[in-house]
Amino acid sequence: MSEVLYSANELEKVVADLAKAIAADFPDRQLLLLGLLKGCQPFLADLSRQLSRYQLDLAIDYLQVSSYIGTASCGRVTIKPVTVDESFCRQRHVLVVDDIFDTGLTLKEVMAWLKEKGAASVKSCVLLRKSGCSDEVLTPDYWGAIIPDAFVVGYGLDYNEQYRELPYIKILGADEQ
Ligand code: XMP
């Protein structure tokens, strides 16, 4: 059996609150939202719509990033830009948008990669943060909610490409793996 952690209505409120906090922190109003595929998709779409209330100068791009196979991290992060021109982030204020923060390895690698490519500033925003995750690697600048240290799916998060379409987030049941 699986347990719903965040309903669609609850997620809407979490994302609206995040957008409000982000908008207040970018006074020059220019921001490149950089989603990490594929898990960022519903979150990035909803976050950008919420941010549109605040008249920011927004651009959206993506990186294809992976480190998980099944429910386990393979400990190695691969990064592929979706935009062919790798100077897309040069001199830009970048907000990296990811679904979930676990060990922090993914964000650490992506943020270092962006700085190397010449981004003017790099901040990070995750929808979920697992409880008990260490601050040693890094701390995300924004997070929507803290969840138990369990494997979760839905709202973009998958188990071997399944469950991304769910409008809510639930803990993956042992009988669903
Ligand atoms: P790290 O450990 O690098 O992990 O912070 C972040 C990435 O790992 C994936 N991840 C999950 N995916 N349910 C998922 O569907 C989970 O509970 C989970 N925990 C980590 C995810 O791709 C994230 O970008």
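**Note on the predicted model: strands, core and ligand shell**

1. Strands E1 and E9 run antiparallel and are joined by three bridges. Two strands count as paired if DSSP finds at least two bridges between them. Glu-3 stands opposite Ile-171 in E9. Helices (H or I, at least four residues) and strands (E, at least two) are DSSP runs, numbered from the N terminus.

2. Basis of the note. This is a predicted model, in which local features need pLDDT of at least 70 and side-chain atom pairs count only at pLDDT 80 or more, while totals for chains, interfaces and linings use all residues. Residues are numbered from 1 along each chain as its sequence is written, and side-chain values use heavy atoms, with hydrogens and water left out.

3. The open sheet. Its three strands follow the order E1-E9-E8, with antiparallel pairing. E1 (3-6) and E8 (152-153) are the edge strands; each has a single partner strand, so one side of each lacks a neighbour in the sheet.

4. Strand E2. Seven of the eight residues of E2 (residues 30-37) are buried, so this strand is largely enclosed by the rest of the structure. Buried means under 20% relative accessible area (1.4 Å probe, protein chains only). E2 runs parallel to E5, with four bridges between them. Leu-34 stands opposite Val-96 in E5.

5. The largest nonpolar core. It has 33 residues; Ile-22, Phe-43, Leu-47, Leu-127, Leu-128 and Val-152 touch the most other members. Such a core is a set of buried Ala, Val, Leu, Ile, Met, Phe, Trp, Tyr and Cys residues joined through side-chain atoms within 4.5 Å. Elements that each supply at least two residues include helix H2 (41-51), strand E6 (121-130) and strand E7 (142-147). The largest share, seven residues, comes from H1.

6. The ligand shell. There are 16 residues around the ligand, and Asp-98, Thr-103, Gly-104, Thr-106 and Val-152 come nearest. Strand E5 (93-101) and helix H3 (105-116) each supply at least two shell residues. E5 gives the most, with four.

7. Polar contacts (pairs of N or O atoms within 3.5 Å). A polar side-chain atom of Thr-103 is 2.5 Å from a ligand oxygen. Taken alone, the ligand exposes 510 Å², and the protein buries 91% of that. These accessible areas come from the Shrake-Rupley method with a 1.4 Å probe.

Definitions and conventions: Near = heavy atom within 4 Å. Polar contact = N/O pair within 3.5 Å; in protein donor to acceptor, adjacent residues only side chain to side chain. Buried < 20%, exposed > 50% of the residue type's maximum accessible area, 1.4 Å probe, protein only.
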